[in-house]
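Morning, everyone. Please have a look at the model on the screen, and then I'll walk you through it.

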Amino acid sequence: MLFSNRMSTWALLTIVGIKIWRRILKRRSIQEKLHACCKKGSFLVQWYTLLTITMLLFVVGSNIEYFSEYTMLAKATTDQTLRDIYDKEGQAQLLEYKLNITTFEEFKDVLTIPAWIQIVNGASQVSGVFTIAVVIYQMWTQFVLPCRKAAQQNPVWNTHEWHVPKRVDWILWILIVPTFFCIEAMRANTKVWGLVTGKSRELVWLRFYHAEKLELLYEHEDLEMASLIQFSAIYAFTRLISSLLEETEVFKSRATVPMSTASMALRHGETINIKIDKEDKDDPDAKIQRLAGEYKRLVRLGGFLGLWVYIIAGSIRALVTITIAVILQLRAKMEIEDDKTAVFWRMQRWHSKV
């Protein structure tokens, strides 16, 4: 099998690592050193290249696993796998789990997925490849390559031509991070198919009831991880919009704001901060700059207060849900081990009596 049940966790850690690398690459000095060292291959170490390659590998790998190990199997092979699981469980065990199943046909019917749902589900898996293809095309043709071309014509930026501007950096993050949701949905989907085809990794060492519980916990964890990453894209979008709103005439320095307009805005009693009037009453330029700073903070923090609350509350909720899912997984495994230990000692006592 290509992936383990913890692969979604590794994908999340990869995203976090690339985000840290993205933060480091924002420094011009780091970019200049990388371009001087890697020369033409410097684009390979850019965060957007690494994230693109990673996402592409996960999408293609998830599709290969989905079709080769679950949906493209021969019906006879799937029936035999389910028969083996049914024989291992036994009718008494299934009734103990409160599953009203008395025959193998009933067991198989419970796990059967209608043909039209299989078709739609398969199409949704394939659409992930087209999704990331569109994202990659937009990233490189609309943003990365045009920025590189403009940087090559600039005497300052031509020393680090693959270093995209701040706002383009945010746009790239907004574009590519939602593909992580697509990947996590694929990973969650494969866990469900592992159960209905009898190919789940957990069925190798667990009974069906326990394997189902663990796989559904893994699936819930995958979807919450996807939600968590989406909030970082919302954060980048908020920063992008706030930076655009800040670039207005009223926020710029005296060099771009007409003095007549600035004087009207700075008449006594009409500024948003009386402290600015008192401290800088003899310096109109300082008043304008400090007033612009006040407005910028107001736009960035107060203007998007609802979004900040949404991002913080949503991230906390996702983190708590992921933590609970992991704890329940550990608890389920501990209960399984306790059950195995109890069965072992019962067998030992039975052998001793015999």
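In which helix does Val320 lie? Val320 sits in helix H14, which covers residues 305-353. Keep in mind that this is a predicted model.

Is Val320 buried, partly exposed or exposed? Its relative accessible area is 43%. Together with Ile312, Ile316, Ile324 and Leu328, Val320 forms a nonpolar patch on the surface. The accessible area of these residues together is about 430 Å².

Now the whole chain. The protein chain has 14 helices and zero strands. Read from the N terminus, the elements run α-α-α-α-α-α-α-α-α-α-α-α-α-α. There are 354 residues in the protein chain, and 40% of them are buried. The accessible surface comes to about 19900 Å². Carbon and sulfur atoms account for 65% of that surface. What about contacts along the sequence? Take those between residues at least 6 apart: 76% of them join residues at least 24 apart.

Next, the inside. How many residues does the largest nonpolar core have? The count is 39. The residues with the most contacts inside this core are Trp47, Tyr48, Leu51, Met55, Leu172 and Ile176. Which elements give two or more residues to the core? They are helix H1 (7-25), H3, helix H7 (115-152), helix H8 (166-176), helix H9 (178-196), helix H10 (208-246) and H14.

Leave out residues up to four places away in sequence, and Met55 touches Ile15, Ile132, Ile176, Thr179, Phe180 and Ile183.

On to the rings. A pair of aromatic rings is described by the distance of the centres and the angle of the planes. This model has nine aromatic pairs. One of them is Trp47 with Tyr48, at 5.9 Å centre to centre and 80° between the planes. That pair is edge-to-face. Both Trp47 and Tyr48 are buried.

Why is the pair of Tyr48 and Trp140 called edge-to-face? The ring centres are 5.6 Å apart and the planes stand at 75°. Edge-to-face needs an angle over 60 degrees, so the pair of Tyr48 and Trp140 is edge-to-face. This pair links distant parts of the chain. Tyr48 is in helix H3, Trp140 is in helix H7, and they are 92 residues apart. Tyr48 is buried, at a relative accessible area of 1%. Trp140 has 17%. Buried means under 20%, so Trp140 counts as buried as well.

Phe43, Trp47, Tyr48, Trp140, Trp162 and Trp173 form one aromatic cluster.

Two residues remain on my list. Is Thr238 buried or exposed? Thr238, found in helix H10, has 1% relative accessibility, so Thr238 counts as buried. Again leaving out residues up to four places away in sequence, Thr238 touches Phe304, Leu307, Trp308 and Ile311.

Last stop, Lys39. Where is Lys39 placed? Look in the loop between helix H2 (28-38) and helix H3 (47-71). Lys39 is exposed, with a relative accessible area of 59%. Phi of Lys39 is near 55°, a positive value in a residue other than glycine.

That's the tour. Over to you.

Notes. Residues numbered from 1 in each chain as written. Predicted model: local features only at pLDDT ≥ 70, side-chain atom pairs only at ≥ 80, totals over all residues. Heavy atoms only, no water. Patch = residues over 30% accessible without salt bridge, like charges linked within 9 Å, V, L, I, M, F, W, Y side chains within 5 Å. Areas by Shrake-Rupley, 256 points an atom, 1.4 Å probe, with all protein chains shown as cover. Salt bridge = Lys/Arg side-chain N within 4 Å of Asp/Glu carboxyl O. Helix = DSSP H or I, 4+ residues; strand = E, 2+ residues; numbered from the N terminus. Buried < 20%, exposed > 50% of the residue type's maximum accessible area, 1.4 Å probe, protein only. Core = buried A, V, L, I, M, F, W, Y, C linked by side-chain atoms within 4.5 Å. Contact = heavy atoms within 4.5 Å. Phe/Tyr/Trp six-rings, centres within 6.5 Å; stacked < 30°, edge-to-face > 60°.
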